[in-house]
Amino acid sequence: MNVLVINCGSSSLKYQLINMNDESVLAKGLVERIAIEGSVLKHESVKTEKKVFEQEMKDHKDALKLVLDTLVSPEYGAISSMDEISAVGHRVVHGGEKFASSCIINDSVIKALEECIELAPLHNPPNLTGIAACKEILPNTPMVAVFDTAFHQTMPRKSYLYGLPYEYYEKYGIRKYGFHGTSHRYVTLKAAEMLGKKPEEVNLITCHLGNGASIAAIKEGKSIDTSMGFTPLEGLIMGTRCGSLDPAVVPFLMEKEGWSTDEVNNLMNKKSGVLGISGVSSDFRDIENAAEEGNERASLALEAFRQRVTQYIGAYAAILGRVDGIVFTAGLGENSADDREVILKPMEAWGIKIDPENNNTRGKQLFITTQDSSIKAMVIPTNEELMIARDTLELVK
């Protein structure tokens, strides 16, 4: 059984075709600049190394049609016909309180997703566009929605409520939702395997560290708190997002700079974070290079990011009581030995002992603490696409 995993952004479409018999990736790729001049498809499959196709794509339907045509191409594809696609799994960023798990897509689900648009105006519309394009081109193929927010729906009210009048939660759904749930769920399952326990037996702190970053407290296999909030803006300092800050900063800046809500929102989402502090880049690799060359603001950006991660780990350790493991995943978490070492160093007093040789690795699943470490720290490469494919298979088989 082959499952096509689709992840639509406003002008992009990422995909993987996965053979669920052995969970091997038959093909994957990325369409960029949809509806923008210079549209391009970057594709690779079991038959070919990465190929680049430049072609005008006026909307997501055009992009999806090109992807499907490429998948069945005798020269570049991985399957002989679209009939070999048994189901499609769609990443959906925001399911609000309506969805605590993945579900088969039908008209009522689409209506519910449309009602969530105001909670994720940048993300849910392209997700819905991708679903609509798939339904038009593959009308008889079952489709599943997998939500970034679903894993965190196990949070208790004391974790997700803000200190605002309760009526605004009731009227507008203003609360912490959390994101990166598919990634946190995947690494939770893998960490339990590594520890030789069932998921319901482990307490973990999972750190999804990349350009977008979040941390989750996992108690007995379930999320009980997470750093991202009503939107992905809350929590850690990130690539371009400011993370948590005093809310009074917003009206202060609006008054001083004469900004609109859109302008201050753009500042906090796209011009802040390590980019804003360093003035160098939103890419941590660029910032690390600049820091090594003596750029003080680049060093400051790294220090601020790392300290926020340490703070969240400490806070979540306190509410968990017992911590079996600390998991690092995503681009930075999987590949930066320096960041992991600096983040964990203040926890030596807890009996956490880094194994320098194991920690000096990139993108491998392994423990990075010594055998006698009181809390195990580990690197687990995330695989959100496989998690989406597994949910899709489970629901349609």
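**Close-up views of the predicted model**

**View 1. Helix α6 (residues 181-195) lies across β9, β10, β12 (325-329), β13 and β14 (376-379), running at about 130° to β9.** The structure is a predicted model, in which local features need pLDDT of at least 70, side-chain atom pairs count only at pLDDT 80 or more, and totals for chains, interfaces and linings use all residues. Numbering starts from 1 along each chain as its sequence is written, and side-chain values use heavy atoms, with hydrogens and water left out. Helix α11 (residues 296-320) also packs on the sheet, where it touches β9, β10, β11 and β12. The direction of α11 makes about 15° with that of β10. Helices (H or I, at least four residues) and strands (E, at least two) are DSSP runs numbered from the N terminus. Angles, from 0 to 180 degrees, are taken between N-to-C directions of lines fitted to C-alpha atoms, for helices over the stretch in contact; contact means heavy atoms within 4.5 Å.

**View 2. Six strands form an open sheet in the order β11-β10-β9-β12-β14-β13, with mixed pairing.** The edges are β11 (222-226) and β13 (366-367); each has a single partner strand, so one side of each is left without a neighbour in the sheet. Strands count as paired if DSSP finds at least two bridges between them. Strands β9 (residues 204-209) and β10 (residues 213-219) run antiparallel and are joined by six bridges, with C207 opposite I215 in β10. Between β12 and β14, which run parallel, there are four bridges. The pairing of β13 with β14 is antiparallel, over two bridges. In β14, M378 is the bridge partner of V327 and also of F367.

**View 3. The largest nonpolar core has 42 residues, of which I205, L209 and I326 touch the most other members.** Such a core is a set of buried Ala, Val, Leu, Ile, Met, Phe, Trp, Tyr and Cys residues joined through side-chain atoms within 4.5 Å. Two or more residues of this core come from each of β9, β10, α10 (284-292), α11, β12, α13 (337-344) and β14. Helix α11 gives the largest share, 11 residues. Neighbours within four places in sequence aside, the contacts of I205 are I215, A216, I313, Y316, A317, L320, V323, G325, I326 and V327. Another core, of 38 residues, lies apart from this one and has A27, M57, L128 and L138 among its members.

**View 4. S223 is placed in strand β11.** The relative accessible area of S223 is 0%, so this residue is buried; the classes are buried under 20%, exposed over 50% and partly exposed in between (1.4 Å probe, protein chains only). Not counting residues up to four places away in sequence, S223 touches F151, H152, T154, M155, A217 and I218. L302 is 79 residues away from S223 along the chain, and their C-alpha atoms are separated by 27 Å.

**View 5. An open sheet of eight strands runs in the order β5-β4-β3-β2-β1-β6-β8-β7, with mixed pairing.** β5 (48-54) and β7 (103-104) stand at the edges with a single partner strand each, so one side of each has no neighbour in the sheet. Seven bridges pair β2 (residues 13-19) with β3 (residues 24-32) in the antiparallel sense, and L30 in β3 is the bridge partner of K14. β4 and β5 are antiparallel too, paired over five bridges. S45 stands opposite T48 in β5, and a hairpin of two residues joins β4 to β5.

**View 6. Helix α1 (residues 60-71) lies across β1 (2-8), β2, β3, β4 (40-45), β5 and β6 (85-92).** Its direction is at about 30° to β2. Helix α15 (residues 384-396) packs on the sheet as well, touching β1, β2, β6, β7 and β8 (143-147). The angle between the directions of α15 and β6 is about 125°.

**View 7. The second largest pocket has a volume of about 310 Å³.** Of its 19 lining residues, A100, S101, S102, R185 and D391 are the closest to its centre. The elements giving two or more residues to this lining are β8, α6, β11 and α15, and the largest share, four residues, comes from α15. On a 1 Å grid over the protein atoms alone, a pocket is an open set of points where a 1.4 Å probe fits, with protein on both sides within 12 Å along at least five of seven lines; lining residues have an atom within 4 Å of a point. Points are joined across faces, edges and corners, and the volume is the space filled by probe spheres set on them.
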